Each structure stands twice: as C-alpha cells, then as structure tokens.
Amino acid sequence: MITTDILVRYGELALKGRNRGIFELQLQRNLKAAVQSYGGKVERLHGRFIVSGPTKNLEAMLKNLQRVFGVTSVSPVWKTDLILEQIKILSDQLVESCAAD
C-alpha cells in the first residue's frame, strides 16, 4: 500500500531548552488546526512532525502548513511497504511524474 504524508520541519523553537516541549505542543496544536478541515492528522516526532491525511487534499494541506508560524519547510513523503516490487512501482511513478513536469 502506498500512502502520501507530509514531513514538517521547524526551526528556532527547538533551541529553547527547557521550554522546548511547550513550544512543540503549541506548534502541534497550530498544525492540527491548519489541516483539521482536510481530515489531516499530526504525529509528533523528535525534531519534526508527520502530517497524514487524504491524498486528494495534499496540495491544500501543504499550502496551509507553510503558513504556520515556526515551520521552516514542508515536504511530501511517499510511504510503502518494504516489498521490493512496491518500491519499484512507487519509484517508477515518481520518476514519470517528475519527467512530465
């Protein structure tokens, strides 16, 4: 199964030391608010967030996430099972879509 998520990176707030957790939780709430209407969900990882949601709303979620204060970059991420055939299919699709652009 192939899914598309969004990797969200953030900047300076990671350097706040003891307040880091507070800043990360606030950023997570802001990210949730930005994608909630599109069915997006936010997962907190160390130093970044993963946003998942319906692929049909990917562009709209990317646009909204870029506007959230503290976000330095957003990138689409494609995930698949660790099966060589599925990885080949996904990589072929990505190369074709890049060549079409």
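Buried here means under 20% relative accessible area, with a 1.4 Å probe and protein chains only. The model is predicted, so local features need pLDDT of at least 70, side-chain atom pairs count only at pLDDT 80 or more, and totals for chains, interfaces and linings use all residues. Numbering starts from 1 along each chain as its sequence is written, and side-chain values use heavy atoms, leaving out hydrogens and water.

**View 1. The buried residues of helix H2 (58-66).** Leu58, Met61, Leu62, Asn64 and Leu65 are the buried ones in H2. Their cover includes strand S1 (3-10), H1, strand S3 (48-52) and strand S4 (71-79). Helices (H or I, at least four residues) and strands (E, at least two) are DSSP runs, numbered from the N terminus.

**View 2. Helix H1 (20-35) crossing H2.** The two axes, lines fitted to C-alpha atoms over the stretch in contact, come within 9 Å and cross at roughly 140 degrees, on a scale from 0 to 180 degrees between N-to-C directions. H1 supplies Leu31, Ala34 and Val35 to the contact (heavy atoms within 4.5 Å), and H2 supplies Met61, Asn64 and Leu65. Sorted by type, that's five nonpolar, one polar and no charged; Ala, Val, Leu, Ile, Met, Phe, Trp, Tyr, Cys and Pro count as nonpolar, Asp, Glu, Lys and Arg as charged, and the others, Gly among them, as polar.

**View 3. Asp5 in strand S1.** Asp5 is buried, at 5% relative accessible area. Leaving aside residues up to four places away in sequence, Asp5 touches several residues, including Ile50, Leu58, Pro76 and Lys79.

Notes. Buried means under 20% relative accessible area, exposed over 50%, partly exposed in between (1.4 Å probe, protein chains only).
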